[in-house]
Amino acid sequence: MFLTLKELRYSKFKFSALAFIIFLIVFLVLFITGLANGLANDSGSALKNTTAKTFILQKDADARLNRSNLTEQDWQRLTTKTSDTRLSVNQATIQQTAHQKAKTDIAYFVVDANSFLAPTITSGHQLTNQKTNQVVVSRKLQTDGYQKGDWFKDTISGHRFQIAGFTTATAYSHSPVIYLNAQQGLLINPSTKTQFNAVVSDHTKSTTSGYQTLTTKQVISAIPGYSAEQSSLYLMIGFLYVISLFVLAIFFYIMTLQKKADFGVLKALGAQNRYLVNHLLTEIGLLALIAILIADGAIIGISLIMPTSMPFSLTPAVIGGTSAIFLVVAVLSALLSLIQVTRIDPISAIGGHA
């Protein structure tokens with residue numbers, strides 16, 4: 001550690017430049033990871049944030065809620081517990097009636113206000129099963145200028161609703177969710193009286209013949225565009241790890257070659273390979289750790305000022321996991337340099353003849 005600190009202090013500019021490169025790569029990886037998680041939440045947070053475990057859909061629905069049509073007869077056949085509930089999903093467009101603002105694409109979730117699918121309120125009033133025009137909406141609509149007490153109309157049915165409360169920034173297929181009770185659902189889609197999309201349960205159910213029995217994760221993965229977005233972004237992240245491995249390996253190898261004479265002198269003075277390897281690993285690990293911690297701080301700061309409309313989400317677990325992986329990548333990138341150090345001949349390195 002003594003030699004490591006001495007060298008870091010002596011070659012400040014060189015090591016600062018390398019730390020800056022590591023910082024940029026880690027920051028980019030974390031930013032893309034945050035976008036991937038944010039887009040995932042923006043696709044299915046309305047389902048993910050519930051305690052739902054099982055969705056039962058029509059057999060040929062291909063795991064998509066909008067392709068499933070169940071009837072009252074299906075409900076009687078599939079319901080096994082009192083906590084089971086129905087869910088109807090309709091994607092539509094609304095417009096604020098007071099100011100005639102631009103239209104906004106949304107997703108209606110028709111739920112039982114007393115079920116586990118009912119939204120958790122962050123401000124305003126809870127959703128009820130009473131015959132009323134008051135509804136609960138996603139906080140994402142605030143970015144479009146909607147506030148508590150505002151009226152909006154459904155552009156297809158023309159029916160008007162008033163915002164009674166806001167829930168968290170729930171979304172379905174990148175659209176903010178508006179929660180309706182069964183009576184309100186009939187106003188925008190009369191077919192919900194006889195049909196709905198899924199039987200949802202907060203416990204695991206066995207497969208039922210003639211139906212699709214799916215987990216919450218499977219239903220979210222089947223949302224149009226979800227799998228393509230996630231696979232593309234995580235492929236980019238994977239390439240970034242590979243690229244960073246090669247870039248850092250080259251930098252560390254060049255630095256090792258530049259210090260070949262120094263390592264030769266240390267070996268001539270009696271330093272063993274084990275000591276030099278420990279020195280190199282400590283130096284690289286400390287440099288990478290400092291750069292990673294700075295990148296973590298920067299990404300946390302940026303995430304705090306991100307607007308609600310920006311799909312960005314990073315949890316402490318994701319940040320910690322990404323940082324740990326990159327620390328391992330940095331150490332692995334030093335393997336070529338370690339091999340070079342162990343092969344240095346002290347006499348040749350200091351310009352002598354064997």
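Does Trp-75 count as buried or exposed, and at what relative accessibility? At 15% relative accessibility, Trp-75 counts as buried (under 20% relative accessible area; exposed is over 50%, partly exposed in between, with a 1.4 Å probe and protein chains only).

This is a predicted model, in which local features need pLDDT of at least 70 and side-chain atom pairs count only at pLDDT 80 or more, while totals for chains, interfaces and linings use all residues. Residues are numbered from 1 along each chain as its sequence is written, and side-chain values use heavy atoms, with hydrogens and water left out.

**Aromatic pairs**

Rings of Phe, Tyr and Trp (its six-membered ring) pair if their centres lie within 6.5 Å; planes under 30 degrees apart count as stacked, over 60 as edge-to-face and the rest as tilted. Trp-75 belongs to helix H3 (residues 72-78) and Phe-196 to strand E11 (residues 195-196), so the pair ties together parts 121 residues apart in sequence. Helices (H or I, at least four residues) and strands (E, at least two) are DSSP runs, numbered from the N terminus.

Next, display Arg-86, which lies over the face of Trp-75 at 4.7 Å from the ring centre (CZ of Arg or NZ of Lys within 6 Å of the centre and within 35 degrees of the ring normal). Then select Phe-20, Phe-23, Phe-27, Phe-31 and Phe-312, which form one aromatic cluster.

**The largest nonpolar core**

Select Leu-18, Ile-22, Val-26, Leu-248, Phe-252, Ile-299 and Phe-326: of the 39 residues in the largest nonpolar core, these touch the most other members. Such a core is a set of buried Ala, Val, Leu, Ile, Met, Phe, Trp, Tyr and Cys residues joined through side-chain atoms within 4.5 Å. Helix H2 (12-48) gives the most to this core, with 12 residues.

Centre on Leu-248: beyond residues up to four places away in sequence, Leu-248 touches Leu-18, Ile-22, Phe-326, Ala-330 and Ser-333 (contact means heavy atoms within 4.5 Å).

**Helix H9**

Finally, show H9 and select its buried residues, Ile-319, Thr-322, Ser-323, Phe-326, Val-329 and Ala-330. They cover an arc of only 120° around the axis, which puts them on the same side of H9; the arc is that of the directions from the helix axis to the C-beta atoms.
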